[in-house]
Amino acid sequence: MNKTNNALTLSNLFAGYGNRIILNNISLNAEKGKIIAIMGRSGSGKTTLLKTITGQLPIKHGSIHIFDKDINNISNKDLKNLRKNLGVLFQHGALFSDLNIFENIALPLTELSVISDRELTTIVLEKLDSVGLKAAAHLPITKISGGMAKRVALARAIILNPKIVLYDEPFSGLDPISSGIIADLIKTLSKKNDCTSLLITHNVRETFKISDIVYIIDNGMIAASGTPLELVNSNNPYVQQFIQGNIDGPVAFHYPETEEYKKWLKEQEQKI
Ligand SMILES: Nc1ncnc2c1ncn2[C@@H]1O[C@H](COP(=O)(O)OP(=O)(O)OP(=O)(O)O)[C@@H](O)[C@H]1O
């Protein structure tokens with residue numbers, strides 16, 4: 001395969017839980033250095049997509065290429081190296097409450113490389129500075145706000161200078177000002193560290209401000225994609241319903257009836 005300018009490419013991807021297919025033929029591309037957003041209503045398959053990219057869920061069909069390498073067809077050593085280039089900001093931060101801010105951010109560094117205490121301190125304080133929390137390094141995680149916790153998680157996600165950062169709901173639980181701060185940080189850090197960002201989010205306002213390309217998924221499929229401007233001007237009723245948050249429109253209100261549900265219902269009825 002010739003070298004491309006792509007950081008992450010999903011081709012005809014199918015994945016799910018047990019026999020249930022959730023991701024249904026997803027193809028998308030994140031070019032190096034760009035901010036790409038995956039949006040979709042609750043239950044559309046965003047977290048499933050993230051889990052498939054991070055290797056927590058196996059691929060049923062199709063492929064994932066990271067920097068042109070097919071992650072299903074490389075040695076464990078190459079996969080480990082590729083994963084070092086992948087930073088993840090987890091939805092709930094996944095911070096350790098018994099450690100302070102500094103220790104939480106230092107953790108990936110101490111686990112993955114041998115460096116002196118002086119170097120460690122310099123790197124961690126520099127990352128904390130980039131999220132505006134240098135002077136909060138000593139604070140226990142239990143004493144910080146939700147917005148600060150997101151910034152700590154952000155600093156931790158970028159501590160190893162990953163070339164791709166995945167953000168799982170970076171704006172969830174934040175007020176509009178804190179969301180704006182996080183959006184600005186994602187944009188600034190992407191530029192400064194020259195990394196590709198993949199955002200999984202519901203937040204139309206912040207996402208449309210900073211993203212280069214937005215993919216909207218529904219029912220495990222790509223329903224629409226384009227630049228924020230293209231989507232705002234789109235005639236697609238699904239896109240309009242999603243970005244305007246309208247209750248009326250083509251998006252189904254009811255959770256789809258699966259075979260599992262029908263089987264469960266039958267068993268319930270037999271019990272009555
Ligand atoms: N562990 C699991 N086992 C079986 N089905 C699951 C599992 N996790 C999620 N699902 C199903 O997969 C579908 C997609 O869920 P997913 O969590 O990917 O949606 P989402 O877009 O991230 O939703 P939200 O925005 O609410 O977090 C849903 O129908 C859900 O019921």
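**View 1. Who builds the shell around the ligand.** Two elements, β2 (20-31) and α1 (46-53), each bring at least two residues to the shell around the ligand. Here helices (H or I, at least four residues) and strands (E, at least two) are DSSP runs, numbered from the N terminus. This is a predicted model, so local features need pLDDT of at least 70 and side-chain atom pairs pLDDT 80 or more, while totals for chains, interfaces and linings use all residues. Residue numbers run from 1 along each chain as its sequence is written, and side-chain values use heavy atoms, with hydrogens and water left out. The top contributor to the shell is α1, with 3 residues. Among the 13 residues around the ligand, S42, G43, K46, T47 and T48 come nearest; a residue counts as near if one of its heavy atoms lies within 4 Å. Sorted by class, the shell holds 3 nonpolar, 7 polar and 3 charged residues. Nonpolar means Ala, Val, Leu, Ile, Met, Phe, Trp, Tyr, Cys and Pro, charged means Asp, Glu, Lys and Arg, and the others, Gly among them, are polar.

**View 2. Side chains facing ligand oxygens.** T47 has a polar side-chain atom 2.6 Å from an oxygen atom of the ligand. For H202, a polar side-chain atom sits 3.0 Å from a ligand oxygen, and for R20 a side-chain N or O atom is 3.2 Å from one. The ligand exposes 640 Å² taken alone, and the protein buries 66% of that (Shrake-Rupley areas, 1.4 Å probe).

**View 3. Inside the largest pocket.** The largest pocket holds about 620 Å³ of space, a volume filled by probe spheres set on grid points joined across faces, edges and corners. Its lining has 23 residues, with L86, V88, F90, P108 and L160 closest to the centre. A pocket is an open set of points on a 1 Å grid over the protein atoms alone, where a 1.4 Å probe fits, with protein on both sides within 12 Å along at least five of seven lines; lining residues have an atom within 4 Å of a point. At least two lining residues come from each of α2 (76-84), β6 (86-89), α3 (101-112) and α5 (146-157). By class, the lining counts 14 nonpolar, 4 polar and 5 charged residues.

Notes
Polar contact = N/O pair within 3.5 Å; in protein donor to acceptor, adjacent residues only side chain to side chain.
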